[in-house]
Structures are given as structure tokens and as C-alpha cells.
Amino acid sequence: MEKEMKAHTANIKDVTISSRFWNKYRKLVRKEILNYQWEVMNDQIEGAPKSHCIENFRIAAGEKNGKFYGAVFQDSDAAKWLEAAAYCLEEQPDEELKRRADELISLIGRAQQPDGYFNTYYILEDPLGRFTNLREGHELYTLGHMIEAAVAYSRATQEQKFLEIVCRMADLVCETFGKEEGKRTGMPGHPEIELALVKLYDATGKKRYLELAKYFVDVRGTGEKNYFLEEMKRPGQKFLFPELSDYCPEFAQAHLPVREQKTAEGHAVRAVYLYCAMADLAEKYKDRELFNACETLMENIVSKRMYVTGGIGSSGILERFTTDYDLPNEYGYSESCASIGLALFARRMLLITKDGAYGDIMERALYNTVLAGISQDGKHFFYVNPLSCWPESCMERTSKEHVKSIRQKWFGVACCPANISRTLASLGEYIYSYEKDTLYLNLFVAGSVSVMLESGETELEIRTDFPWSNKVEIEVKRAGVSGCAKLAVRIPEYAEAFHVEKTSGENDLPADIRIEKGYAYFPCEAGTVYTVLFGKEEGSFRPRFLHANPEVREDAGKVCIACGPLIYAAEEADNGKYLSSVYVDTSKPPRIHWEDILGGTLVIEADGKKIVRENWKSPELYAEHDEKLKDIKMTFIPYAYWNNRGEGEMEVWVKEYPDF
């Protein structure tokens, strides 16, 4: 660990994105999503659950009369909106967007208390309860999102007002918590502030923020008595969430000291946010033991507790991890925020290790579950992302009430929509990274980047139609001092071959490459064009039938289809009803072609069989009928695009027609 040097992410202002795949969504952030979410936060969308987010701040500032409304962490919706706005402003100025953002920042400042505290729930609803319910109160979680937004906004605008607001409360938290005499013990029930404090340290250089982050991580799961269980015993404790009345420490990853944790436990979002902070701190303090824990936890997630779509947290009860290989499709939770957290965790591990395997994880989550969480109009959202859907059975007050069969306008607990928008707006931070004289291409997204390496400014232009094409052209526009810079291109796990051609002037030569930990390294010389193929020949990626480990009981005897980074799904819109009665014939290769549906996509067709229903007569429920099958053609679309053509059945994993 002592020798590891963390790579830097490229600044958003230095990245352009021209990908038709991604810009279908990214352009919506500025044109539709931020406007829509602003209106939601101001309770202006008819038919959407009430937010009251902005009104809470007005009441807390003494500018309106009324009561607090919403979840205890309602303020975090405003924080994530501001963070997304900051990324958009860093990429391109927008007077109206900045006016709205400044208006909201000013309002937050007016709601701030004389000692620096701001949180509308506790200001309005429980002024004497500040920092007394860390288990459920979410004060530190909400502040964490505010800090992330303020750091991003300061970088985008070079203005310090928002940063000063969050620093005042962060200073209050530093004065309140710690191991020093006179301070309170304890840690956040919902991790988030830990990773945010590391960002605040980077932005301000104030070591106290880094030390507080380390304290919150180090104290977790320690002591003779569990902090959260003891907190519940205190007189006058309020229980904000009835479902947590039988609280278990695993839910908040507080069952063991973090360095001793071997399996991903509890609430999935809390877990991956904590692991992000652990990775950050391991790198800052060169803490090998802490980093080893990060590696162990990531391995447990990816090899035993992650859906093929990059979703995590399989239980609808408490939104949590369960046990190894427990990955139900129809009941699965896979919260959008959890996949975003997984992508953030993987990105940190990638920056530290420069190991392309972490890029595979990051890419899987971004291209599948994260995108599935938002509709193609930018105004409807999934909180839960199942891999199988039978709409009629998604009933309230049943075991599947957490599953929605169609995207929603908003949610009473709306962490996911704003989280998706900040992720889409910050995509540039995932694509490129750099250290010393090496520039890394982590995701294959058309556009350009300019970074300052040790030998000088280096600029690339990326031309590709990825993920629809397996070809990536990389033109080196500038490369500092000749012969010093290196380019590192991730070789994804689905690449059936890796071929590079180098074109410089009139020369067309094989590139001199070195392959290490999933990256291909070669010289980064101005005027050079590298053509990379992730396949045996140029074209689209080959559709592949994937099987699950036999221990994944839900998927035994089934297959799903992958093509490049995309997982595909069968929808009722293409295949009719009763998808559970379908078998796919894996002895015949699937076909792939382009269709101008869903904004344009590659569609996969496969041969299959379907159970003939005509033998069954109503009201028969069980009978001794021979099962008859008929030949069918099946159509699959990217999982990210499902449910954009209305409500209907969906299956990712389909029964495999037995080849015997």
C-alpha cells in the first residue's frame, strides 16, 4: 500500500462527451431532469408525491409559516440537486441554472443556525434532539451530501459561499464528536459524511476533516457494547422508522470493526458508502489493513452478492444484503442508489490499484442498473430494479409491494432520482484518470479530454459508437514532452480479442503494447491514432449466453444474454405475455440488428420454445397434461431500456431449452 499512488479523475470541465448512447440521457439532465426535479422539490408536479423540500428551508429560515414535511433526510434531495447542477455548470455555463442554485444556497444559508447547524427536520421538528439519534436521524448523512455538493459547486464556480456554509456545520460536528475528552462518541447510522469529509479535506486542506472521517470509520463496530443498541435504551428516544424497532448492528455495518468485516452486510447503500470512505482513508493513510478489508468486501459482493446487472442489496425488507448467492429476480430490491454506490466504490478501487477488473464492475453498474432507474424522458424513475416483472402481482401490502411495474413520477423517499441525475452529470469523472505521465481510458465514451501530465498537457479525442460497436479510435492531439507520456486502455472482461493498430502519418504498424492488470499500455505520442478492436473483427459485440453459478438457486437452468457491457431483457412488448413459459434455445447463436426503437438500439433475436396453453381449460389449476411446446422467435432489448414502452412483463433470466 505504501507504494500505491492514487490516480486522479479528470476534471469535468476538461472532458467533452459526444456519445450518442450516453448523451441520450445526459442532455436530459440539463434540458429536462434538473428542471423537473426543481419543480418536484417545489411541489409543482401534479400527481407526484409531495416533496416540500424547498418549503422546509423557507420555514426553517423564518420566511414562511408551517411545519416540516417529509422524510428526516428530505434536505438531501436539495443537496444532490445542487451537486448535479454544479457538474452541469462546470461543464458549461448556464445563467438560469446558476441563478436557481444560488437562490437555493442562499436559502440554506439563511436557515443556518448561529452555531453553524442546519437541518430542517431538527430545526423545525425536534430542536432539542440534535445529534441524539445517530441511528436514524440522518443529520450526518444529509450533511455529507451537502458537503459533496458544496465542494463540487466551489470547483465549478470558484465561489466559496456554499463551501463556507457547510464548513461551519462540519466544524460543529468536529467539535462535537471524537475520542478527545469532552466530545461525544458515536458514528452515523447511515454512512455518507465520511467520504464527504475526505472531499472537504481535499478542498480546504484542513486536516481536522480527514481526522474526523477516520474517527467515524475506526470507531464503527468497536466497544464492549454496540453504540446503536445502547442509544436505543436512552430515555426519550424517538423511533423514526418502525421497521428498525428490532435494530440489528449488521444493518449499519456496526457488528464488527471495519477491518474485521469479511462479508457485505446490512443496508446496501450504507455499506457501499462506508466502503468508499474506507478506500479513501486507506489511500490517504497508507493503511494496508483497511485496504485489505476493502478488497475482501468487494470480492464478496462481486463473486457472491451482486446481480448480473450490477444491482446489489437483494432483500426488499430493509433494502439489505442477505446471504451468499441469494439473488431473487422477481423480489429483488437492487436500489438505484446502491448501484451508484457500487460504481463509486469500484471507481475508488480502480484509481488506487489501476486494476481494470474494478473498471468492469463500475461499467456494469453504470450501463445497466443505474440507467434502468430513469426513463428516456427523464421524468420517471425506478427506486427498485428487479430482474423479473409480472405487473399484476406487484400489489401493495404483499411481499412484492416494494416492486413497481412502471416508473414513478417521484417518491416520498426520493434519494434515487437526484442520485441518478448527479451521476449522469458527473460521468466525465468515470471515463478518464491519470497519474504522473500515464493517462487511463477507463470507459469507452466518444468525446475528448485534456489533462496536465508531468511532462505537459496531453489531449485525446475518442471516436467510437460504443457500446453498439467494438471499435475505438484514440487520436493523440497533444502529448507534452515527446516520448514521455503513456496511454493505458482498459481491456474489458467481455473482450474476445484485443487488437491495436497504430497509425502515425502514413505508417500503419502494430502498436508496441504492454498488458498489466487489465490495461494495455502504449506510447502516447502526438499525431498518433490508435485503433482498438475488442473482438476478432470490427462490428458489434457478439451476444453471449451467460449462466449463473449453480449456487444461485433462482437462476439454475436459466440463461441471460449479454452483449458488450449491456445485459439484455425480454419484454412483453416484443414477446407477448407469459414470459415464464418461454425457453431459449442456446444451441443456436442469437442474431443482432439495429432498430429505431427506444431512441435507437441494437436488438437481439434468439430461437426459443413456448409452452402451449391451449391444453388447459378453466378452471383447471393442476392436471396431468403433457407439456407441449411451440417454436418462437424471441426479442431482447437492453435491460436499461425496459419499461419505456409501457407496463408489461419482463425477464432477464430465461429458461434454457435442454440440449438432450
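**A salt bridge to start with**

Which residue's side chain meets that of Glu496 in a salt bridge? The partner is Arg542, with N and O 2.6 Å apart. A salt bridge here is a side-chain nitrogen of Lys or Arg within 4 Å of a carboxyl oxygen of Asp or Glu. This pair links distant parts of the chain, 46 residues apart: Glu496 sits in the loop between strand S9 (486-490) and strand S10 (499-504), and Arg542 in the loop between strand S14 (528-533) and strand S15 (544-546). Helices (H or I, at least four residues) and strands (E, at least two) are DSSP runs, numbered from the N terminus.

Glu496 is partly exposed at 39% relative accessible area, and Arg542 is partly exposed too, at 46%. On this scale, buried means under 20% relative accessible area, exposed over 50%, and partly exposed in between (1.4 Å probe, protein chains only).

**A word on the model**

Please keep in mind that this is a predicted model, in which local features need pLDDT of at least 70 and side-chain atom pairs count only at pLDDT 80 or more, while totals for chains, interfaces and linings use all residues. Residues are numbered from 1 along each chain as its sequence is written, and side-chain values use heavy atoms, leaving out hydrogens and water.

The structure holds 66 salt bridges. One of them joins Arg422 and Glu148, whose closest N and O atoms are 3.2 Å apart. Here helix H15 (residues 415-425), which carries Arg422, is linked to helix H6 (residues 139-157), which carries Glu148; the two residues are 274 residues apart. Both Arg422 and Glu148 are buried.

Asp324 and Arg305 also meet through their side chains, at 2.7 Å from N to O. Asp324 is partly exposed, with a relative accessible area of 24%, whereas Arg305 is buried at 7%. Elsewhere, salt bridges with shared partners join Glu461, Arg463, Lys471, Glu473, Glu475, Lys477 and Glu538 into one network.

**Aromatic pairs**

There are 35 aromatic pairs in the structure. Rings of Phe, Tyr and Trp (its six-membered ring) pair if their centres lie within 6.5 Å; planes under 30 degrees apart count as stacked, over 60 as edge-to-face and the rest as tilted. Trp468 and Trp594 form an edge-to-face pair, 5.5 Å centre to centre with 85° between the planes. Trp468 belongs to the loop between strand S7 (456-464) and strand S8 (471-479), and Trp594 to strand S19 (residues 591-595), 126 residues apart. Trp468 is buried at 7% relative accessible area, while Trp594 is partly exposed at 32%.

Both tryptophans also belong to a cluster linked by ring pairs, whose members include Phe21, Trp22, Tyr367, Phe444 and Tyr641.

**Tyr583 and its neighbours**

How are the rings of Tyr583 and Tyr657 arranged? Their centres are 6.5 Å apart and their planes are at 80°, so the pair is edge-to-face. Tyr583 is in strand S18 (residues 582-584) and Tyr657 in the segment after strand S23 (654-656), 74 residues apart. Tyr583 is buried at 15% relative accessible area; Tyr657 is partly exposed at 28%.

Tyr583 also has a charge over its ring: the charged end of Lys655 sits 5.8 Å from the ring centre. The criterion is that NZ of Lys or CZ of Arg is within 6 Å of the ring centre and within 35 degrees of the ring normal. Lys400 likewise lies over the face of Tyr331, at 5.6 Å from the ring centre.
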